[in-house]
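This report covers an interface, its salt bridges and a nonpolar core. The sequence and structure come first.

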Amino acid sequence: MPEPTHYKSGRPIPYDNPFELFAWVFMRISGIVLLFMAIGHLVIMHLINSIDTINYQFVVQRWATPFWRIYDGIMLFLALLHGFNGLRTILDDYLRPGMWKKWCTFLLYAFSLILLVGGAWVIITFKPK
Amino acid sequence: MKVELKIQRYNPETDAQPHFENYSVEAEPTDRVLDALLQVKGLLDGSLTLRKSCAHGICGSDGMRINGRNLLACKVLIRNLQQPIVVEPMKGFKIIKDLVVDMEAFFEKYRSVKPYLIQNEAAPQKERPQSPQERERFDDTTKCILCACCTTACPSFWSDPDYVGPAAIVQAHRFIQDSRDQGGEERLDILGDREGVWRCRTIFNCVEACPRDIDVTAAIGEVKRKLLFRKI
């Protein structure tokens with residue numbers, strides 16, 4: 001006889017699934033790291049340099065060194081996943097199970113994946129003209 | 001003094017929806033809400049249905065929502081409440097009648113965390129010794145009386161009835177932290193799932209609701225920390 005997966009009430013029987021643990025830890029660590037990275041980003045882009053001096057040439061210069069590519073890459077991944085996980089939690093908390101929830105969750109996953117792949121693609125393959 | 005009560009009534013055989021009814025009884029300011037409710041039941045309307053047992057804040061059967069907060073009716077004094085005193089059943093459970101709710105789902109979650117001593121070794125000749133420091137670690141969570149005030153005050157539970165809820169986590173904590181118990185790993189497996197402790201958003205409603213003053217959110221935090229540090 002297969003193991004039952006639900007209690008009598010229909011509540012799923014829990015099993016050792018570390019996903020939510022990792023998501024929880026990730027939120028805290030990425031939050032702290034992002035705090036410093038985002039402040040660094042803000043200082044460089046808006047305080048040291050003015051936004052009207054930032055142009056294509058500026059980006060070319062900046063991304064000539066792998067350090068800034070890696071910096072921006074890490075920030076992209078952390079910020080996107082942090083925001084994605086926050087939204088996932090909100091959808092999970094506020095939407096009742098059903099089609100509406102499935103669709104919203106699907107859209108969230110799809111949108112986040114597109115942004116992540118698109119951003120990573122630019123950072124990795126960027127070559128100055 | 002005159003005490004005005006506004007009680008939510010629901011009889012599944014005649015009512016489509018719960019509704020409020022007003023009652024007025026004579027009581028002392030130092031009487032408890034339970035005294036006023038029993039006056040209503042005894043003198044005004046015998047059909048008023050509620051759970052009560054010891055009436056001294058120990059059995060945990062008369063948890064209800066009084067003036068919008070989860071309280072034990074036998075613990076809260078009338079003089080500490082604004083009138084009319086609004087009395088409703090606990091939120092998040094199916095109402096059976098008036099102030100009595102169906103707590104089967106609550107106890108199913110309680111049973112799911114294995115709230116009993118698990119020991120694989122043969123029982124010793126005498127007792128299993130424990131130092132005062134080891135006892136202290138779970139002292140707070142031994143105070144739980146399973147009244148469900150915390151779980152039914154929890155917004156995470158309202159939005160997700162599958163969430164194991166603060167009361168069951170408190171009960172699990174009591175045994176996870178017990179040096180004589182060997183079932184900690186099993187319980188952590190159960191609580192580490194998505195309907196376990198990770199549903200807790202540290203809203204602190206449970207702490208405010210607990211009539212036994214258990215620091216529920218701290219206990220949940222300790223379970224989270226245990227889960228985290230056993231993975232690393």
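## Terms and basis

Buried means under 20% relative accessible area, exposed over 50%, and partly exposed in between (1.4 Å probe, protein chains only). This is a predicted model: local features need pLDDT of at least 70, side-chain atom pairs count only at pLDDT 80 or more, and totals for chains, interfaces and linings use all residues. Residues are numbered from 1 along each chain as its sequence is written, chains are lettered from A and ligands numbered from 1 in the order in which they are written, and side-chain values use heavy atoms, without hydrogens and water.

## Salt bridges within the chains

A salt bridge is a side-chain nitrogen of Lys or Arg within 4 Å of a carboxyl oxygen of Asp or Glu. A:Glu20 pairs with A:Arg88 at 3.2 Å, N to O. The two lie 68 residues apart, A:Glu20 in helix α1 and A:Arg88 in helix α3 of chain A. Both A:Glu20 and A:Arg88 are buried. (Helices, H or I of at least four residues, and strands, E of at least two, are DSSP runs numbered from the N terminus.)

In chain B, B:Asp45 meets B:Arg9 at 2.9 Å, N to O. B:Asp45 sits in the loop between α1 (33-44) and β3 (63-66), and B:Arg9 in strand β1 (residues 2-9). This pair is buried too.

## The A–B interface

Contact means heavy atoms within 4.5 Å. Chain A brings 17 residues to the interface and chain B 21. The area buried between them is about 1900 Å², with 52% from carbon and sulfur atoms. Buried area is the accessible area (1.4 Å probe) that two parts lose on being put together, summed over both. A:Arg11, A:Leu21 and A:Asp93 supply 32% of what chain A buries against chain B, more than any other three residues.

Four salt bridges join the two chains. One of them links A:Asp93 to B:Arg199, with the closest N and O atoms 3.2 Å apart. A:Asp93 and B:Arg199 also belong to a salt-bridge network, whose members include A:Asp92, A:Lys101 and B:Asp160. Within chain A, A:Lys101 bridges to A:Asp92 at 3.2 Å, and both are buried.

## The nonpolar core

A nonpolar core is a set of buried Ala, Val, Leu, Ile, Met, Phe, Trp, Tyr and Cys residues joined through side-chain atoms within 4.5 Å. The largest has 37 residues, with B:Phe93, B:Tyr163, B:Ile169, B:Leu191 and B:Val197 making the most contacts inside it. α1 of chain A and α5, α6 and α8 (216-231) of chain B each supply at least two residues. α5(B) gives the most, 6 residues.
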